[in-house]
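Welcome to this short tour. Please open your viewer, get ready to select residues by number, and follow the stops in order.

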Amino acid sequence: MPLFVLTYGYNDTPQRSERRADHLAHLERLSADGAVVAAGPLADLSGGIIVLQAEDEASAQQLVEQDPYTKHGVTKDRTLQEWKVTVGSLAG
């Protein structure tokens, strides 16, 4: 199944801390279902990266749209791209 990489920054909003538990619960559910391969913030906390596994880009975008951080405007500059892994444990 294709992999997709979501990168994003954070808006300056109190929603980030208010919605963090919901965001993490959402990612944990997706991880349990196999849709989230890895996720986490950048070390400088300026944004984050989520690696998704989905049938196609539209399906991956749906997962992004369901995230509380997306719904409540916490993230900005979102970029979702299919990732063709050629080396490493994720290589297909």
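Helices (H or I, at least four residues) and strands (E, at least two) are DSSP runs, numbered from the N terminus. This is a predicted model, in which local features need pLDDT of at least 70 and side-chain atom pairs count only at pLDDT 80 or more, while totals for chains, interfaces and linings use all residues. Residues are numbered from 1 along each chain as its sequence is written, and side-chain values use heavy atoms, with hydrogens and water left out.

**Stop one: Leu3**

Select Leu3, which sits in strand E1. Is it buried or exposed? With a relative accessible area of 9%, Leu3 is buried; the word means under 20% relative accessible area, exposed means over 50%, and partly exposed lies in between (1.4 Å probe, protein chains only).

Now show what surrounds Leu3. Contact here means heavy atoms within 4.5 Å. Setting aside neighbours within four places in sequence, the contacts of Leu3 include Val37, Val51, Leu52, Trp83 and Leu90.

**Stop two: the nonpolar core**

A nonpolar core is a set of buried Ala, Val, Leu, Ile, Met, Phe, Trp, Tyr and Cys residues joined through side-chain atoms within 4.5 Å. How many residues does the largest one have? It has 17, and those with the most contacts inside it are Phe4, Leu6, Val36, Ile50, Leu52, Ala60 and Leu80. At least two residues of this core come from each of E1, H1, E3 and H2. E1 gives the most, with 4 residues.

Pick Leu52 from that group. Not counting residues up to four places away in sequence, Leu52 touches Pro2, Leu3, Phe4, Ala35, Val36, Ala60, Leu63, Val64 and Leu80.

Select helix H2, residues 57–66. Its buried residues are Ala60, Leu63 and Val64. Look down the axis of H2: these buried residues fall within an arc of 100°, so they line one face of the helix. The arc is that of the directions from the helix axis to the C-beta atoms. An α-helix has 3.6 residues a turn, so residues three or four places apart point the same way.

Which residues are exposed on the face of H2 turned away from its buried side? They are Ala58 and Gln62. The cover over the buried residues of H2 includes strand E1 (3–10), helix H1 (15–32), strand E3 (47–53), helix H3 (68–71) and E4.

Step across to Thr70, found in helix H3. At 13% relative accessibility, Thr70 counts as buried. Apart from residues up to four places away in sequence, Thr70 touches Val64, Glu65, Thr75 and Arg78.

**Stop four: the salt bridges**

A salt bridge is a side-chain nitrogen of Lys or Arg within 4 Å of a carboxyl oxygen of Asp or Glu. Side chains of opposite charge can pair when their charged atoms come close. A search of the whole structure finds 2 salt bridges.

For one of them, select Asp22 and Arg19, whose side chains meet at 3.7 Å, N to O. Both residues lie in helix H1, 3 residues apart, about one turn of the helix. Asp22 is partly exposed at 35% relative accessibility, and Arg19 is partly exposed at 25%.

Next, select Glu82 and Lys84, which form a salt bridge with the closest N and O atoms 3.2 Å apart. Glu82 counts as partly exposed at 41%, whereas Lys84 is exposed at 63%.

**Stop five: two backbone angles**

Select Leu45, in the loop between strand E2 (36–41) and E3. Phi of Leu45 is near 60°, a positive value in a residue other than glycine. Leu45 is partly exposed, with a relative accessible area of 48%.

Then move to Asp77, in strand E4. Asp77 is not a glycine either, and has a positive phi of about 50°. At 61% relative accessibility, Asp77 counts as exposed.
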